[in-house]
Amino acid sequence: MKDAIIIGSGIAGMACAVKLAEEGVQVVLVSPFPSERSQSVMAAGGINAVLADCEPGDSVECHIKDTMDGGCGIAGKEAVAGLCENAEEIIRYLEKIGTVFSVDEDGHPARRAFGGQSFKRTCYCGSATGKQIVSALVMEVRRLEGAGMIRRRLWSCFHSALIKDGVCYGALLFDETTGKIEAEYADALVMAVGGQNALFGKTTGSTQCDGYAAGRLFRQGVDLKNLEFIQYHPTTLETAQKKMLVSEAVRGEGGRLFYLENGKRVYFMEEKYGPRGNLMTRDVVSREIEATGKDVFLDISFLGAREIGRRIPEVRDLCRKYRGIDITREPIPVSPSVHFFMGGIAVRLNHETNIENLFAVGECASIYHGANRLGGNSLLAALYGGRVAASVIAERPSPAGKRPDFTALTDAENEKLRNLRASKSPFPVMYIRDMAAETMNRELGIVRDEESLMRGLTDMDYYLSIAERIAYDSSVMMYANYSLTGILTLARATLTSALARRESRGSHFRKDYPAANESMAYGSVISFDNGKYRVWLDREKFYES
């Protein structure tokens, strides 16, 4: 029987695991925590699909066009077409496994408007869509666990892939319960580890998603793509712990952005872009908010307490709990924050990387979103991509020949861990991670230029030069200690990619190159070669086969 390892148990990982198990592939589902603690639970607004009863004028072709336009033309059209064409089937699948969508008066999934879309096509579950989908998939995974097709491996973290001669044979995993690194072999390895929120410290996402896996794989020869494209969500609520997402659902339900000037409200998005100004794409709204130089607010109070309670109760509760704001009576103070990463591990149409039998799905894979993701497309991409990778793995014949023995490598990595525990320096690991996050926020913000990016590279080079000598930090999980070099490597690769793209496109805005350059209307790929970072434009569409 074929087998596969999936790293990450959010929506993309579970969707892949369920499909693989149903196709007869034995699955090991690896994560440090249960699925209920994955970042997927935080997805609020909805999932896009053109259904049979869509608005007049809407179509799958229109969804494809909106996605391509939102991504500024650099997402692969064949990949985007597959995503959009399968959206209705995915909604029906979610209904079948128990996802409770909000419905209209006819009992069909209700839909709301989201930024950058020509029609209302975002299906939702109040403003807790991710939580509902996670709950439904958890039950499917448990069913297949009971059937012996899925084995969960909790309290385990990805350490590195087992790669030899361009082929992946599994992964090294760090087990928090034993404190040791162990080899787990399989016919395929699927990365479903999310984005790299911890690179920027306090964001809308989970700090579990720290980018280590992508950075480690990069150092092992895996290509990365479009790292410079980082989406800032325009409406987040500042709290002591993190930036809380104020879902795009608020603007989809008619919420209006404004600032005060001489005591009067200025609805700046509507003044510049017309009646649908509040639903421009996220990169545009974020830049406009930053350009005001003022405190910006989002008002939905006119909807009334009853409708707010019916349509966006989670946003109402969030604002009340964390800031004591009653959104039925007062506006929400909002500001942009790092939210989503269009860039990540470079994959082909089948979600395989440049390493054979190594796949990536969900936010950690760069394929569908180009230079800017449309709200509502992330959940769709997670489910679709997970299922695509599963189908490809299931259809392949079992690899012939004996798997290589990685015992020596496993022993060597455990020896490194023992040395790490004994290391001494003036600073613990988390201090350097916090310093790196400060650098990324300061030098790779909504607006950037060559000078700021070069400062960021100088900082990151210094942090990397001392990374192997940083003290073991007993106050955090052991995983956080050995992950430092991988995280810093990904940060440097991201700064390098941003420096190489000398234009402004989508979420990447260079004030020293404020216009788009059509000779650069391609994705960017970066490779790690003997310590050097090499970036090139994907003109030949190499990753679309």
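Which residue in E5 is the bridge partner of Arg112? I looked this up in the model, which is a predicted one. The partner is Thr122.

I then followed the strands around this bridge. E4 and strand E5 (residues 122-123) run antiparallel and are joined by 2 bridges. They belong to an open sheet of 3 strands, ordered E3-E5-E4 with antiparallel pairing. Strand E3 (47-48) and strand E4 (111-112) are the edge strands, each pairing on one side only.

Next I checked Ile47. I left aside neighbours within four places in sequence and found Ile47 in contact with, among them, Arg121, Thr122, Cys123, Leu379, Leu380 and Leu383. In the largest nonpolar core, of 127 residues, Ile47 is one of those that touch the most other members, along with Phe158, Leu189, Met191 and Ile345. Helix H12 (residues 377-395) gives the most to this core, 12 residues. I noted another core apart from it, with 25 residues, including Val296 and Ile332.

I turned to the rings and counted 15 aromatic pairs. Phe33 and Trp155 make an edge-to-face pair, with 5.9 Å centre to centre and 85 degrees between the planes. Phe33 is in the loop between strand E2 (26-30) and E3, and Trp155 is in the loop between strand E6 (150-153) and strand E7 (156-164), so the pair ties together parts 122 residues apart in sequence. Phe33 has 14% relative accessibility and counts as buried, while Trp155, at 40%, counts as partly exposed. I also recorded one aromatic cluster, formed by Phe158, Phe174, Tyr212 and Tyr482.

Last, I looked for charges over rings. Arg373 lies over the face of Phe340, 4.1 Å from the ring centre. The charged end of Arg492 sits over the ring of Tyr533, at 4.5 Å from its centre.

Definitions and conventions
Residues are numbered from 1 along each chain as its sequence is written. This is a predicted model: local features need pLDDT of at least 70, side-chain atom pairs count only at pLDDT 80 or more; totals for chains, interfaces and linings use all residues. Side-chain values use heavy atoms; hydrogens and water are left out. A nonpolar core is a set of buried Ala, Val, Leu, Ile, Met, Phe, Trp, Tyr and Cys residues joined through side-chain atoms within 4.5 Å. Buried means under 20% relative accessible area, exposed over 50%, partly exposed in between (1.4 Å probe, protein chains only). Helices (H or I, at least four residues) and strands (E, at least two) are DSSP runs, numbered from the N terminus. Contact means heavy atoms within 4.5 Å. Two strands pair if DSSP finds at least two bridges between them. Rings of Phe, Tyr and Trp (its six-membered ring) pair if their centres lie within 6.5 Å; planes under 30 degrees apart count as stacked, over 60 as edge-to-face and the rest as tilted. A charge sits over a ring if NZ of Lys or CZ of Arg is within 6 Å of the ring centre and within 35 degrees of the ring normal.
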